[in-house]
Amino acid sequence: MKFAENNRISHRQFYRQMVLAFLAPFLLCLFGRDRILGPAGIAGTVAGMILLLFYVIFLIRLEPYYSDLNKSAGGFWSRIFGGFFVIYVLLTAAYLLEVLERIVPMSLLTGVSGRVISFCAVLVCAFGTHKGMQRRGRMAEVSGGLLLGGIVLMMLLCLGQSRISYLEEMSGAWNFSGEDFVKSTYGILCAFSGIGLIPFVLGNVQKQGSAWKPAALGILTLSGVILGMLFLFPAVFGWKRLQMEKFPVLPLLAGADLPGNVLARFDVLWMGFLLYSLLFAIGSLFHYGHQIIRLSHLGTGRYWMAVIVYLLSILEFDGIGIEDYYGVYLGYFFVPGLLILQIFLMLRGKGRRKKKAAAAAALSVMLFLSGCAGVEPEKRMYPLALGADTTDEGFVLTYGMPDLPQATGQDKQEEEGSVSALTITGADFGQIEASYNRSQEKYLDMGHLQVLILGNRIAGDGNWTVLLDYLEQEPFVGENVYVFRTENPKEILEWKNGKGTSIGEYLTGLMENRMSGQQKQGVTLREVYHQRYHSGEMPQLPEIRINGTEIEVYL
């Protein structure tokens with residue numbers, strides 16, 4: 001889809017906004033003296049990219065909490081949370097404005113005061129702060145691909161300036177320490193910390209449940225550019241010079257001419273690309289800052305944010321300006337504080353899945369701090385199907401798991417290698433979860449769930465909405481799960497076809513393993529969510545019946 005409707009942006013517009021907003025700040029601020037360099041930077045970039053791909057999935061799950069901070073965190077804490085993000089927006093915008101103030105007089109407009117340039121820039125960027133997301137989406141749709149293509153072309157043209165002998169100068173730096181690796185990895189995480197604003201944007205993105213795909217693609221694209229530059233810079237400048245350059249991308253631009261030197265000062269075009277991206281990044285910060293202030297019920301940032309940002313960019317205290325303390329703020333305050341506040345927000349969230357929310361948040365923290373944590377795969381239980389129904393005593397959940405180990409009395413013991421079902425009853429889902437934790441030795445991982453089967457009773461008595469609230473609090477349940485209904489979910493989950501195939505795999509294959517145009521049209525969990533919020537009713541679900549030894553699905 002090229003353009004979104006209903007005041008929302010498409011996935012492609014979302015992806016191009018990420019590229020447009022991050023590209024110039026990364027090229028200008030990540031490389032050079034006392035920054036990410038050499039083999040340690042390469043290894044740190046790869047490690048940081050992997051961690052960020054996990055983190056962005058976690059961020060997508062946070063969107064319901066961000067959409068109404070006052071409701072999910074309470075009036076007092078919503079203002080604390082909003083103020084925390086507003087401070088980040090103001091300082092980051094001021095830092096980028098200070099960078100612009102330095103590079104423009106250096107590369108384009110000599111003799112003009114940098115403060116005059118930054119004043120004009122902040123006026124332009126602040127214009128339209130309160131406008132809708134679609135305007136930014138259309139701008140990114142038109143120019144995002146052009147900017148990325150221009151930067152890639154610049155890198156290709158610079159390859160002609162590279163020397164293998166220059167690149168070999170970096171060989172001694174391959175013996176980097178673990179401390180260098182950790183610093184580089186954390187530096188990449190700090191550089192990408194702006195993606196922490198993504199949940200504030202998701203309310204304006206179509207198909208929010210799968211918005212992790214363009215976000216992940218944006219991270220991969222930007223990481224690819226960073227890795228390319230980490231090889232290109234030493235190959236063009238040499239290792240020692242690169243360690244002394246403050247903004248190495250600026251001299252790189254001067255040599256990126258078309259073959260034959262067709263146009264003099266062709267670097268002005270590349271500089272125009274960078275300035276456009278930099279201005280878009282500052283304007284995006286103003287826009288998101290206004291949205292955060294509004295969602296936190298702090299008023300409006302339409303008029304005063306630009307003034308504060310400009311003052312922060314020019315004011316110095318005992319010779320210390322925004323450039324000197326921004327890195328310290330980002331590494332020691334914002335990134336750790338961001339993770340702590342997100343954990344707190346999930347714990348304060350509505351629902352009965354606080355323990356699961358805490359586990360998911362803790363997993364994210366451990367991924368960022370150590371790179372390897374959590375429960376090993378062999379110590380997890382992976383239900384591929386989940387049956388749900390109600391009884392006079394409460395709720396009944398039946399987990400369909402391949403190779404279920406010997407249960408602890410709640411179900412019949414099955415032969416090794418068979419497909420088994422575990423049924424647990426409780427007054428609510430918290431009790432069911434506690435019962436599972438008491439009786440089963442393996443961690444319950446719902447990340448591979450393929451099928452949800454509702455009993456006719458829960459589908460008819462209104463308790464299916466309680467089940468949806470429960471599933472929404474589970475961060476690893478995907479919204480592409482197929483949903484069915486039947487008279488007895490436990491009977492369906494215990495069905496065996498003699499081939500050891502679980503009911504989850506069987507029903508998924510039944511819906512998808514057809515020639516194009518012959519695939520069955522099932523109902524996904526995402527469609528059930530949508531229909532619930534749209535009309536409060538459940539969509540018509542396919543029905544499962546057992547006919548002799550065969551399972552049949554009636555659409």
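Modeller: Let's start at Ser193, which touches Tyr88, Leu330, Phe334, Val335 and Leu338, leaving aside residues up to four places away in sequence. A contact here means heavy atoms within 4.5 Å. Before we go on, please keep in mind that this is a predicted model, where local features need pLDDT of at least 70 and side-chain atom pairs count only at pLDDT 80 or more, while totals for chains, interfaces and linings use all residues. Residues are numbered from 1 along each chain as its sequence is written, and side-chain values use heavy atoms, with hydrogens and water left out.

Where does Ser193 sit in the chain? Ser193 belongs to the loop between α9 (178-191) and α10 (198-201). Helices (H or I, at least four residues) and strands (E, at least two) are DSSP runs, numbered from the N terminus. Is Ser193 buried or exposed? With a relative accessible area of 6%, Ser193 is buried; the word means under 20% relative accessible area, with exposed meaning over 50% and partly exposed the range in between (1.4 Å probe, protein chains only).

Leu278 has 0% relative accessibility and counts as buried. Its place is in helix α14 (residues 267-295). Setting aside residues up to four places away in sequence, Leu278 touches Ala24, Pro25, Leu28, Leu96, Leu100 and Ile103. Leu278 and Ala93 are 185 residues apart in sequence, while their C-alpha atoms are 9.8 Å apart in space.

Ile103 leads us to the nonpolar cores. A nonpolar core is a set of buried Ala, Val, Leu, Ile, Met, Phe, Trp, Tyr and Cys residues joined through side-chain atoms within 4.5 Å. The largest one has 122 residues, and Phe85, Ile103, Ile195 and Met229 have the most contacts inside it. Helix α5 (residues 75-107) gives the largest share of this core, 17 residues. Another core lies apart from it, with 33 residues, among them Ala388, Tyr399, Leu467 and Leu525.

Now for charged pairs. Side chains of opposite charge can pair when their charged atoms come close. We call it a salt bridge when a side-chain nitrogen of Lys or Arg is within 4 Å of a carboxyl oxygen of Asp or Glu, and by this rule the count comes to seven salt bridges. One of them joins Glu323 and Lys246, at 2.9 Å from N to O. Glu323 lies in helix α16 (residues 322-348) and Lys246 in the loop between α12 (239-242) and α13 (249-254), so this pair ties together parts that are 77 residues apart in sequence. Lys246 is partly exposed, with a relative accessible area of 28%.

Arg457 and Asp392 also form a salt bridge, with their closest N and O atoms 2.8 Å apart. Because Arg457 is in helix α19 (residues 456-460) and Asp392 in the loop between β2 (385-391) and β3 (394-402), the pair ties together parts 65 residues apart in sequence. Arg457 is partly exposed at 43% relative accessible area, and Asp392 is exposed at 69%.

A further salt bridge links Arg545 with Glu543, the closest N and O atoms being 3.4 Å apart. Salt bridges that share partners join Glu98, Arg102, Lys246 and Glu323 into one network.

Let's step back to the whole chain. The chain has 23 helices and nine strands, and of its 555 residues, 53% count as buried. Among contacts between residues at least 6 apart in sequence, 79% join residues at least 24 apart.

The mean pLDDT of the chain is 77, and 79% of its residues reach 70 or more. Over residues 260-265 the pLDDT is below 50, and this stretch has two contacts in the model beyond near neighbours in sequence. Residues 350-374 also stay under 50, and for them the model has 41 contacts beyond four places in sequence. Where pLDDT is low, the predicted coordinates should not be read in detail.

Terms used: pLDDT = per-residue confidence, 0-100.
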